[in-house]
There are 2 protein chains.
Amino acid sequence: MARIHNFNAGPAALPLAVLERAQSEMLDYRGSGMSIMEHSHRGRTYDEVHRRAIALVRELLDVGDSYEVLLLQGGASLQFAMLPMNLVHDGRSADYIITGAWSEKAYQEAQRAHRRARIAADTGVDNVFSRVPKQEELQLDPDAAYVHFTSNNTIFGTQFHEFPDTGSVPLIADMSSDFFWRPFDINRFGLVYGGAQKNIGPSGLALVIIRKDLLETARKDLPSILQYGIHSSKNSLYNTPNSFGIYMMMCALEHLSELGGLDVIERRNQGKAELLYDAIDTSDDFYRCPVDTASRSTMNVVFRLPSEDLEQRFVAKALEKGLTGLKGHRSVGGIRASIYNAVERRSVEALLGFMDDFKKTA
Amino acid sequence: MARIHNFNAGPAALPLAVLERAQSEMLDYRGSGMSIMEHSHRGRTYDEVHRRAIALVRELLDVGDSYEVLLLQGGASLQFAMLPMNLVHDGRSADYIITGAWSEKAYQEAQRAHRRARIAADTGVDNVFSRVPKQEELQLDPDAAYVHFTSNNTIFGTQFHEFPDTGSVPLIADMSSDFFWRPFDINRFGLVYGGAQKNIGPSGLALVIIRKDLLETARKDLPSILQYGIHSSKNSLYNTPNSFGIYMMMCALEHLSELGGLDVIERRNQGKAELLYDAIDTSDDFYRCPVDTASRSTMNVVFRLPSEDLEQRFVAKALEKGLTGLKGHRSVGGIRASIYNAVERRSVEALLGFMDDFKKTA
C-alpha cells in the first residue's frame, strides 16, 4: 500500500525521508555494526546523537546560553507535575490561563501538587473554547511564580498568535503542538516544554527549554528524577534516556534544517492552513469553522458539517480515499485536520479535493 | 560492516530478527500506509499493539488476574520515586536491601521522597559488593510497607538466585536486568519493575507488574502521572505512551515466545554463562571473577585481569576483533560481559576465543 495522507493529531506524520533514514540505519548505525537502539547511552556514538539533537534545538530556535535544553521522558503530562513541584515555593502561587482541556489539566495537576494554582483567565463557555484571551482579559498576579498557558490548543483548534505579556513574571508555555513550525522569540519565556510527537519526532520524548535563573531557584529537595536541576547538571543523562526517540528527533530536526529552517517551514505551514481555511470559508456554510478568526490554529484545523451524521460519513468516506486521522477529538466531535510540519501540501490538496467532492454528493 | 558482538550492559543487543521486522515495517505498518510511530495512540491499530504487548507479558511470566501490568516511561529511575510516593504512608517505613549502586540509589530516593526508608541489609565492604545477603542476614521490619531489593546487580555482577522471604510484607524487586530471561514465580511479589532496555526492548520504556491490593491502598493525592492507580485505570494510556518502544517490546516478546518461551531461553542463558564462568575459572587466575560463586550473575559476567593496564588492552583489542561493550562500569573498572537474551552463543564463543588468544599473547 502507498503511504496514506495522515492528519493525526499526535503521534502524527513523520517526514518520509526521516523514516527512510531510520529504516536504512536500523541494523547498522553508521558502520558501528549495531542499531542506535543497541548502543550504550554512555558511549561515544550515542553521545554524538544526543549532543547533535540538543545543538539542533538551539540552532533552529536560536536558544542562547541563558537557557538549558533538556530531553526528558513522560511527555507534557509529567511536566504538568514537575512545573509546580519545582517552581512553586516560598509561599507563592502560579497563574494558569485556561483555553481548553490541556491547560485545564495543567492547572488541575498544579492544584494536586500543592494547591497553589490560580486561574488568570478562562475563555470557556459551557466547556467550549472558541478563542484565546486578549491581553486585557488576563488578571495576573504580579507575585506569581509563573504564568502558564497552552500556546496551541490541539482539541479546539485555537492558537495564541501573540504571546501574553506577563512583565517580570516568568512566562511558561506548553508548546507540544506549537514548536518548530515557525520561529519565535524564546527570550520571552521562562520555560517552554512539549512532547515531540507532533512536529519533531515520535512519542515518549519531551523537550524542556528552561531559563537558567529558574533552574537555580528550583526546589532541590524533590526525588532526583523530578528535579530540573539534576537533569540539567547531567545534560539529560541522569538516567537512561529514550535514545531511539532522541535519534528520531535529531533526524527530524536535521531534515528541517536541510529544508531551510523555520522560516521556510513557516511559509509552507501558513500556506497549507490558508488553503484549508479558505476552502472552509468559501463552502457556503457546508463546512464551518467554530473558532474565532483571530484565534484560528495553523496546526489543527477544526471544522463542522451540517450534521453529526454527515460528519461520520465524511470521516468514513475520507478513509476510503486514503485520508486518515480526520475525526475530531472524542470530547468535542466534528472534524479535525492536523497539518504539522510533515504533512505535505499535496496531502492538504488531496483533502480539499475530497471536501469538494463530498459536498457535491452529500 | 557485519553486525558486531554486542556485550553492552543496557541499552543492549536486540535480536536481529526483531530489528529486521522493525526495519521492514518502518514505512508501512501492516498495510496501514504509515509507520507504527505515526499512528494515534487512541486508534485501533496501535491499541492492538498495546494490548498484545501486555498480553505477552502476562503469558510469558504467567501473570494472573490479581496483578496489573503497566507500561510507563521514565525507566527504573522514576520508579525509585513512585514506589515510596505511592506505597509508603500511614506512618510506616520501607525496608531496603543494599547490594550495589542501584539498590543504594533506590534507597536514597525513598529517603528523598519522605525520609521513611530503612536499611534491612547491606553487603557492601568499602563500597565493593561481591555477594547478595543470605536470608538469615536480613533484619526485616514486620510492619514495613514493603521490602525492596535489586534482583540482579548489573554493575557488580551479582544476582539473587533465591528471592528473600519477607512473610506477609510485600516484596518489591527492581528486575531491570533480571526479567524475561527465565521463568519466576510472580506470586512471590507485591510489585516488580524494570526498564526494558536489557532483555526485552529499547530504552525509554519501563514495565511495572503490581498486585491489585497494593493499587487499592496506594496514595491518591499525588500528581496524576505519578499514581499507579491512574495508569492502571487507563490501561497505561493515561498519557501518550512511548508507542514505538512498546511496539519493539511486543516484537521482542513475540520473538521470545516463538523461540519456545522462558524455559528455552533460560537453558540458553545458563549455557552461555557456564561457558564464560568456566573459562574464567580455568584460566589459572589470569582471569578472575571477584564475585562469590553463589552470587554470580547469569546476565552480567564481571571479571578482572592481573592489572588495569592489561584490562585496558583487553578492551581495546577486543573491539578490534568485533567484540564491544566489555569495559566494566566506570565506578568499578575491570571487564563486564553482559549476556542478555539477544546475545547469541556464538558471540560468547567468539569472546572465549578472544580471551584464550589474549591470555597467550599477553
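The entries start with conventions, then go through the helix, the rings and the interface.

**Conventions.** I am working with a predicted model, in which local features need pLDDT of at least 70 and side-chain atom pairs count only at pLDDT 80 or more, while totals for chains, interfaces and linings use all residues. Residues are numbered from 1 along each chain as its sequence is written, chains are lettered from A and ligands numbered from 1 in the order in which they are written, and side-chain values use heavy atoms, with hydrogens and water left out.

**Helix α9(A).** I took helices (H or I, at least four residues) and strands (E, at least two) as DSSP runs, numbered from the N terminus. With 13 residues (308–320) at 1.5 Å a residue, α9 of chain A should span 18 Å, and the 19 Å between its end C-alpha atoms agrees; the expected span is 1.5 Å times one less than the number of residues. I then looked up burial (buried is under 20% relative accessible area, exposed over 50%, partly exposed in between, with a 1.4 Å probe and protein chains only). Leu310(A), Glu311(A), Phe314(A) and Ala318(A) are buried in α9(A). Seen down the axis, the buried residues of α9(A) fall within an arc of 100°, so they line one face of the helix; the arc is that of the directions from the helix axis to the C-beta atoms. Glu308(A), Gln312(A) and Glu320(A), on the other side, are exposed. Just after α9(A), I noted a positive phi of about 80° at Gly322(A).

**Rings.** I searched the whole structure and got 43 aromatic pairs over all chains. Rings of Phe, Tyr and Trp (its six-membered ring) pair if their centres lie within 6.5 Å; planes under 30 degrees apart count as stacked, over 60 as edge-to-face and the rest as tilted. Phe80(A) and Tyr193(A) have ring centres 6.4 Å apart and planes at 80°, so this pair is edge-to-face. Phe80(A) and Tyr193(A) are both buried. In chain B, the rings of Phe314(B) and Phe358(B) are also edge-to-face, because their planes are at 80°, with centres 5.3 Å apart. Phe314(B) is in α9 and Phe358(B) in α10 of chain B, 44 residues apart.

**Interface.** I found 65 residues of chain A in contact (heavy atoms within 4.5 Å) with 64 residues of chain B. One salt bridge (a side-chain nitrogen of Lys or Arg within 4 Å of a carboxyl oxygen of Asp or Glu) joins Glu38(B) and Arg3(A), with the closest N and O atoms 2.6 Å apart.
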